[in-house]
Every structure is written in structure tokens, then in C-alpha cells.
Amino acid sequence: MDWKINSLEEYAVAYQESRNNPDKFWGDIAESFTWHKKWNEVQSGTIKDANVKWFEGGELNITENCLDRHLEDRSDKVALIFEANNPEEEAKEYTYKELHEAVCKAANMMKDLGVGKGDRVCLYMSMVPELLISVLACARIGAIHSVVFGGFSAHALAGRIEDCECKLLITNDAGFRGSKVTHLKEIADNALNDLGKTSVEHVIVHKRVGNNIEMKEGRDIWWHDIYPKASSDCKAEVMNAEDPLFILYTSGSTGQPKGVLHTTAGYMVWAAYTFGNVFQMNEEDKYWCTADIGWITGHTYITYGPLLNGATTTMFEGVPTYPDAGRFWEIVDKHKITHFYTAPTAVRALMACDSEFVKKQDLSTLKVLGSVGEPINAEAWNWYNKEIGKEKCPIVDTWWQTETGGILISSLAGVTEGKRCFATLPLPGVFPALMDTEGNIIEEREAEGNLCITRPWPGMLRTIWGDHERFKQTYTSAYPGTYFTGDGCRRDENGLYRITGRVDDVLNVSGHRIGTAEVENAIGQHPHVIESAIVGYPHDIKGQGIYAYIIASENHHEDMIKEILEVVTSEIGPIAKPDKIQIVPGLPKTRSGKIMRRILRKIAAKEFDNFGDTSTLLDPSIVETIKDGSL
Ligand code: WTA
């Protein structure tokens with residue numbers, strides 16, 4: 001791959017070239033992939049017109065680039081390592097040849113059920129190899145995958161299935177996660193029952209746990225009944241560059257989760273380019289990203305990015321603390337992991353455990369550490385650097401979003417310098433701008449503002465599934481002509497970027513994006529809730545905790561708090577459960593009825609000294625009342 005950046009100088013040259021000559025720059029990079037037909041135009045459309053396109057006219061299939069392309073040189077190289085929840089269970093490995101075969105079989109299995117190009121397939125599965133195989137099998141036949149994280153509730157799953165009208169659903173009987181079993185098939189049944197009339201024609205059930213489940217005649221089919229019979233010969237569907245590859249739902253500041261849409265060629269180039277350059281792997285290295293494939297990190301940096309680069313990728317079924325807090329380090333030792341990518345919340349949780357868990361394992365194979373999903377605080381960074389990286393592994397603090405497809409701002413391991421708590425520099429092709437409150441670009445180098453991206457990059461989302469207006473509203477209208485990230489950011493005197501966190505009503509709880517409006521809507525389902533307001537507050541492990549202020553009807557009862565937690569669990573999932581619930585007599589509202597969240601955030605953070613101007617409040621005395629009752 002001649003686009004690999006090997007030095008600081010090469011980075012500077014690539015960055016300049018991507019600015020001055022973007023079509024040539026990205027065209028040259030795209031040449032290194034397998035195409036059925038070359039593109040007519042490298043890039044067309046604008047952010048302003050919300051019609052960005054990359055490699056229009058080109059034809060390809062991403063799985064040929066992930067798999068077939070490697071069969072010549074890497075046929076027997078391990079593509080995927082699967083580490084089970086239970087450490088006693090033997091790890092499973094798939095070579096590139098075996099993974100290719102598995103994907104082709106799964107693709108034919110779906111095809112035999114009538115699934116084809118453009119159809120949506122929902123994957124509601126635990127972290128088993130069949131999930132990754134199903135993702136690629138969809139891409140093989142041109143079906144659009146919509147992976148729904150296995151921790152979401154039936155209600156949340158139903159909403160996602162309905163929104164994109166999936167034809168097929170693939171799930172497990174149940175999934176292992178630590179000491180728990182999640183009953184995925186049962187939840188999927190509830191989701192489909194809730195929907196009543198649904199677009200889902202078939203449910204393929206992969207058996208993982210062996211629990212008793214109901215199979216609905218004519219609709220439900222066991223994976224093990226059809227997969228073994230499927231042919232391992234599956235020609236890849238030829239896709240247009242801008243054909244949809246996948247939908248992934250994510251939370252925004254208002255309303256229901258939105259289906260972020262990524263298309264084929266641009267996403268592919270971005271996933272490959274960013275993975276190759278940020279992680280800087282050698283042929284014999286072994287990579288492990290601890291994310292779940294239900295989130296974007298698992299799409300781009302467990303599945304597509306590593307495989308496009310011919311790397312060995314690892315997926316882990318379990319959780320960091322089962323059977324004990326040494327599990328991650330044991331896996332690193334066992335599989336001789338060289339590149340390890342995780343979230344700050346996991347680092348903080350493990351940092352709080354006995355240091356013996358780390359000391360017991362040999363971590364000397366590690367070369368590069370990565371961080372993703374939320375700002376990493378100095379204490380966590382120091383521990384990660386010292387105890388895990390032994391001060392010899394560069395840490396790449398990678399900033400990006402579901403919408404960006406892949407990493408936009410990060411150091412390149414061992415090539416550009418990292419800086420504690422800074423994502424540092426934009427990748428070639430990424431042009432950040434900081435905006436002031438008036439919506440003007442701040443030209444000074446040292447500055448703080450709202451982070452926007454001024455030019456299209458290949459991995460950018462193209463739309464919100466079924467709602468192009470919302471796409472424009474959310475991303476391209478706040479600062480016309482640029483993509484608005486929703487994040488606040490600081491730039492230091494050297495031009496390095498530090499992401500400070502969301503500036504909208506989106507929380508980041510243990511690296512998971514949660515919309516305050518979504519939680520409020522869920523809480524509102526409780527019959528005794530009149531109104532609620534959700535804010536985030538600093539939480540030692542989770543980064544942000546969820547604080548709920550609730551106005552309850554007079555006849556509310558003792559069990560209400562418990563019931564509210566249940567409502568949130570059933571409407572969204574346990575990840576959205578408030579950490580603290582305060583019943584309040586009223587909320588601080590302006591005369592126009594707007595809740596002053598700023599004040600609620602301060603109270604939740606126990607910053608009682610200065611609430612700022614409260615004179616516009618309808619009833620300023622409510623602030624003291626809430627403060628006195630705060631948790
Ligand atoms: C936050 C996850 C600081 C940010 C890949 C962003 C980060 C949101 C970082 C996207 C980082 C992600 N430093 N903040 N390195 N990485 N974020 O869509 O607020 O689940 O907007 O994508 O996570 O979350 P998402």
C-alpha cells in the first residue's frame with residue numbers, strides 16, 4: 001500500500017496534497033483497491049447541498065477487498081480470532097480462506113431466503129463470529145446491514161426494524177456476557193410481536209447457548225439447518241460506489257435514534273486508510289479492538305478496517321471483569337496481541353482494580369494502544385501508558401463518530417507524536433474548524449469552539465435513512481457549508497486538537513451515546529410522571545452519569561423510582577438507566593417554557609456556588625429547592 005504514511009514528513013506532505021489536490025490524492029489511494037469498474041469522478045457534491053458523493057460511477061464489492069484480494073498472499077493467515085466469554089472455552093481462529101468460505105456460505109444462505117441487493121437485514125446478535133460473518137455476507141450480496149447492539153430492549157429493536165423495514169432478522173438463541181445470559185431470541189420475538197405486521201419475513205437463529213426457545217413455524221429457521229447446506233461459492237454482487245453499505249442507528253439531541261447511512265466505496269477507502277495509518281501494523285502483528293460490533297467502532301475497526309488491510313483481528317464475546325478483572329490482560333498475553341484498542345471507561349474500571357491482575361500477565365507483545373469513544377482523562381491516560389504500555393507504546397487517542405465512518409483526528413502510532421488528552425492532528429483529507437458563538441470560523445491558532453469539518457471526506461455519512469431533511473437539519477445547517485460534529489474542542493498553540501465533549505444534549509455514558517430526549521421520552525411512559533429533565537454529570541468510571549429530575553403526580557408511590565428504571569430498561573435498554581433520580585416539585589424554566597439545563601447540570605455536578613443569571617426564570621426559588629434535595 002503506497003499510501004502508508006511512514007514519517008512526520010510524509011504526513012505533512014500527504015496532508016498538503018489532500019488539501020491542494022484532493023481528487024488526485026484520493027484517486028491514487030483508491031487505485032490500490034479492487035474495482036470492477038473505475039469511477040468517473042473522485043468527488044462530487046458539497047456539504048452545503050448535502051449531496052456529497054465519492055468515486056461516483058465506480059463499481060466494486062467491499063468483501064472482495066476484505067477477503068478475495070488476500071487469498072493469493074494471505075490465504076492461510078489468521079483473519080479472525082474469536083475469544084469466548086468463558087476462558088475455558090477454546091479460542092477459534094479463521095484464516096482468510098476460511099473466513100472467505102464462511103462469508104460465502106452465509107451469503108448464499110441469505111440469498112436462498114430471497115434476500116438480495118438493497119434489502120435490509122437486521123443483525124441482533126451477541127459477539128460471536130457469526131455476527132462478523134453475517135455483516136460481511138450482507139455486503140457480499142448487496143444487502144444493507146443494520147446491526148442492533150444486543151443490549152437494546154425489544155422496544156428499541158422494534159423501532160429500528162420498523163424504521164428501515166428489514167426483510168430478514170438474524171439473532172442468537174441467547175448470548176453469553178460475563179456471568180449473564182441475554183435472551184436475544186426472546187427479546188427479538190417480543191419486538192416482532194410488538195410490531196404485529198412487520199416487514200420481517202424470516203428469522204435465522206444461531207445457536208450459541210442452547211437454551212429453550214420457541215421457533216415460529218414458517219418464519220424462524222435455525223442457522224445450523226441451512227448454513228451447512230449452503231454453497232461456498234458466492235460471486236460478489238457488483239455495487240455502485242454510492243450504493244448503501246449499512247445503516248447504524250445512533251442517538252441525537254432530539255427525537256428517536258437516527259439511521260446513519262454509509263455507502264460503499266467512500267466508507268471502504270476511509271476504513272482502510274485510517275486503520276492502516278493510525279495503527280501502523282506489520283504483517284505478523286495481532287490486533288484486538290474490545291468494542292462490540294453493535295457500535296460503529298466494531299464496524300470499522302473490528303470488521304472492515306482490519307480485514308481491508310489484511311490484518312489479524314480479534315473479537316471477544318465477554319466483558320472486561322469476567323471471570324475477574326484480569327480478563328483483558330490475560331487475552332493480550334494468550335494471543336500475543338500487539339495492537340490494543342479500547343475505551344477510556346474500560347481503562348478507568350480496570351485501573352480501579354487490584355494491580356496484581358495486570359502484573360500477572362505478560363504484556364510485552366504490546367506495541368500500540370488506542371483509545372476511543374470519549375475524552376480520556378489524564379489519570380486514565382497515565383495508567384494506560386505506564387501499567388499497560390510500560391511507557392513504550394504510543395497511545396493513539398482517536399476522535400471520530402458514527403457519522404464520520406472512521407477516525408478523523410488522531411496521532412499516527414509511532415509516526416506523529418501523541419499528547420496526553422489530545423486527539424492531536426487531523427488525518428489527511430480532514431479539515432477541522434472551530435466556530436465561535438456567532439457561527440464564524442475562529443482563525444487564531446489557540447482557540448476553543450464548536451468543532452466543524454469544512455470539506456467532505458470519503459467516510460462521511462450520506463444521509464439519515466428515510467429522512468434527508470433531518471440529515472440537513474442536524475449536520476449541515478448549524479454552520480452552513482460545513483459538517484457540525486456536536487462536539488466542543490480546544491486547539492493549542494501547536495495546532496493540536498483536544499475534544500472537550502458534546503455541546504448538544506447528547507450524553508456519553510461509558511462511551512455510549514445516549515440522547516437526553518430519548519431517556520425523557522422513556523421516563524414519560526410512566527403513568528405518574530408529569531415531566532422530566534435528564535442531564536449528565538461527571539462520573540468516575542462512566543465518564544458521564546445520567547441524572548434524572550422528575551416531576552411526579554401527587555399520587556406517586558414508593559416504588560416509583562424502581563419502576564422508572566424498569567421503564568427505561570424496557571424502552572431503551574439497561575445502558576440508559578439513570579444513575580440518580582430526584583423527584584422535584586418543578587423544573588427551572590424560562591418564561592417561554594424552556595428548561596434551563598445549565599442549572600440542572602450544575603446541581604447534578606454539585607457545583608452550587610454560581611448558577612449564573614437566573615433572573616429570566618419563571619420561578620427562581622425552584623433552584624434552591626432542587627439544590628436542597630439534590631443527590
Ligand atoms: C465522543 C464513537 C473525545 C465524541 C467512535 C463524539 C470522543 C462521540 C473520542 C461519538 C475521543 C469519540 N475523544 N471524545 N477520542 N471519540 N468521542 O458515534 O463526543 O458512538 O461526538 O462514535 O464520542 O460517539 P459514537
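**A close look**

Tutor: Let's start with Thr-342, which counts as buried because its relative accessibility is 4% (buried is under 20% relative accessible area, exposed over 50%, partly exposed in between, with a 1.4 Å probe and protein chains only). Bear in mind that this is a predicted model, where local features need pLDDT of at least 70 and side-chain atom pairs count only at pLDDT 80 or more, while totals for chains, interfaces and linings use all residues. Numbering runs from 1 along each chain as its sequence is written, and side-chain values use heavy atoms, without hydrogens and water.

Thr-342 belongs to strand β18, residues 339-342 (strands are DSSP E runs of at least two residues, helices H or I runs of at least four, numbered from the N terminus). Setting aside neighbours within four places in sequence, Thr-342 touches Thr-290, Phe-328, Val-347, Gly-370, Ser-371, Val-372 and Tyr-384; contact here is heavy atoms within 4.5 Å.

Now look at the loop between α12 and β18, where you'll find Lys-336. Lys-336 isn't a glycine, yet its phi is positive, about 55 degrees. With 51% relative accessibility, Lys-336 counts as exposed, whereas Thr-342 is buried at 4%.

Next, the loop between β17 (312-316) and α12 (327-335) holds Pro-323. The peptide bond joining Tyr-322 and Pro-323 is cis, with omega about -5 degrees.

Ser-510 sits in the loop between β26 (506-509) and β27 (512-515), and counts as partly exposed at 22% relative accessibility.
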